[in-house]
Amino acid sequence: MRTALLLILLVIVGGVGVGSLIYKNNLEDSENARTHVLASLSQIKHIDSLINTQMLESRYGLRVDYDELAQLITQIKREVSELDTTLLVEPASVDNSIRIALDNIKEQLTLKIDVIENFKSHNSVLRNSIKYAPVLGDSIIEELSVTNNEAAQDLKVINNALYRWALYGSKKEATIIQDNSTVVIDLIPKVENSIALIEYSTHVTAVIEEQEKTQRYITNALAIPLVSTVGQLETVYAGYYMTVLKSLERDRLYVMGYALFALLVAVYLGVMLRKSYQALKGRDEYRSQQISVAYRHVGYADNHVGTVKGAFYSIKEILLFLDGIYLETKKQSHDPKKMSQLLSKAIKKYRHLDKQNTIDETDELLEKSNHNLEKASTLIKNLMAS
C-alpha cells in the first residue's frame, strides 16, 4: 500500500511540477518579450526626438553635415523592422489593433524620412546662401560706401537682416529681406562689380525661397505624430499583454485544479487501499487462527500416534500368534503342542492388553484422532474456498 501511495504522490508532484514549470517558462517568455517590445518602442520615441532636434539644429546652422541624422534614420528603421518581423509577429497575428498601429508607424516613418530627405536638400541650399551671402554683402557695401553711400545703406539693411536671420531665425528678419530684395536688383547699374552683386542677389533670392520651403518641411516633419502612434501601439500592446497574463493565470488555475483533483483521488484511493488492507489483514488473522486450530488438531492426533502405535504393535504380535496357529492347522500333521504354546502366548498377550485397557484406550484415541483430523480437514477446505 505504501508503494501505491508513493506512486500516486509522485504522479501528483510530477504533474504539478511540470505544469508549474511550463507556467513559469511561459510567464518568463512573455515578460521577456514585453520587455524587448517596450524597450524598442521607447527607443523609437527617443530616436524620433533626436531626429527632430537634429533637423532644427541643421535648420539654424548648428550642424555642418547630416551624418548623425542619417545614422539616426538607419537606427529607427532597424527598430521598426525588428518590431514588424520579430517582436510583434505573434501579437499582431492575434490582435489586429496591434497590426494596424504597427502599419501606421511604418507608414508615418516612411513619410517622415521622405520629408527629411527633401528638407536636407533645400536646407543645404539655404545654409550655403546664408553662409556666403552676408560676407559677400559686406564687401559690396564697403565698395558702395565710397561711391554711393545711400545705396550702401539700403544694402546694409538687407545684409544686417541676413546676419540676424542666420543667428536667430526670426520671421521679422525674413520679412525685411523679402521686402527689400528688389533693392539689390536696382543697385546693379550703380556697382562696378556687378557680377558680385548678381551673385549676392542670387543668394538673397535663395534665402527667401528656400527659407520658406525648408521651414515648411520642418513643420511637416514635426507634425507627423510618430510618437503619438507609438504610444497607441504601447496601449494596445498592454491590452494584449494583459490578455496573455489572464490566459497564463487560467493555465495556472488548471494546474492547481489538477493538483487538487489528483490529491482528492489520492486520498480516496488511500482510504480504499487502507480498507482493503484492513480487510486482508483481518482475513490473514482469521486464516492464521484457523491454521493454528487445524495445527492443534493435527498435533492432538499426532500425540496419539505413539500410544496407538504401541497398541497396534501388541495386537500385531497377537495376530502373528494366531496366524501361526492357523498355519499349523493347515498342515496334515500339525503339532498340537506348538499350537497350544502359540495360543497360550496369544491369550496371555491379549489378557495383558485387556488388563491395561489398551484396546479400549486405543479405540478412544483413534476416535479422537479421527475427530481432530476431520476438523483440521474442514478448516483447510474452508480456507481454500475463501
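Student: What percentage of the contacts in the chain with a separation of 6 or more comes from residues 24 or more positions apart? With that settled, please look closely at the packing of helix H2 against helix H4.

Tutor: Residues 24 or more positions apart account for 79% of those contacts, a contact being heavy atoms within 4.5 Å. The model is predicted, so that local features need pLDDT of at least 70 and side-chain atom pairs count only at pLDDT 80 or more, while totals for chains, interfaces and linings use all residues. Residues are numbered from 1 along each chain as its sequence is written, and side-chain values use heavy atoms, with hydrogens and water left out.

The chain comprises 11 helices and 0 strands (DSSP runs numbered from the N terminus: H or I of at least four residues for helices, E of at least two for strands). Of its 386 residues, 33% count as buried (under 20% relative accessible area; exposed is over 50%, partly exposed in between, with a 1.4 Å probe and protein chains only).

Helix H2 spans residues 67-87 and helix H4 residues 96-147; their axes are 11 Å apart and meet at an angle of about 165° (axes are lines fitted to C-alpha atoms over the stretch in contact, and angles run from 0 to 180 degrees between N-to-C directions). H2 and H4 are therefore roughly antiparallel (over 145 degrees; under 35 is roughly parallel, 65 to 115 roughly perpendicular and the rest oblique). Their crossing is left-handed (the near helix is turned anticlockwise from the far one by less than a right angle; clockwise would be right-handed). On the H2 side, the contact is formed by Leu-69, Ile-73, Ile-76, Lys-77, Val-80, Leu-83 and Asp-84. H4 contributes Arg-99, Leu-102, Ile-105, Lys-106, Leu-109, Ile-113, Ile-116, Glu-117 and Lys-120. By class, this contact has 10 nonpolar, no polar and 6 charged residues (Ala, Val, Leu, Ile, Met, Phe, Trp, Tyr, Cys and Pro are nonpolar; Asp, Glu, Lys and Arg charged; the others, Gly among them, polar).

Helix H5 (residues 149-168) packs on helix H8 (residues 194-223) at about 45°, with the axes 12 Å apart. That angle makes H5 oblique to H8, and H5 passes H8 in a left-handed crossing. The residues in contact are Leu-155, Ile-158, Asn-159, Leu-162 and Trp-165 of H5, together with Tyr-200, Val-204, Val-207 and Gln-211 of H8. They divide into 7 nonpolar, 2 polar and no charged residues.

Two individual residues complete the account. Ser-58, in helix H1 (residues 2-59), is buried, with a relative accessible area of 1%. Leaving out residues up to four places away in sequence, Ser-58 touches Arg-63, Asp-65, Tyr-66, Phe-119, Asn-123 and Arg-127. Glu-234 lies in helix H9 and, at 21% relative accessibility, counts as partly exposed. Although Glu-234 and Ser-42 are 192 residues apart in sequence, their C-alpha atoms are 9.3 Å apart in space. Apart from its neighbours within four places in sequence, Glu-234 is in contact with Leu-41, Ser-42 and Lys-45.
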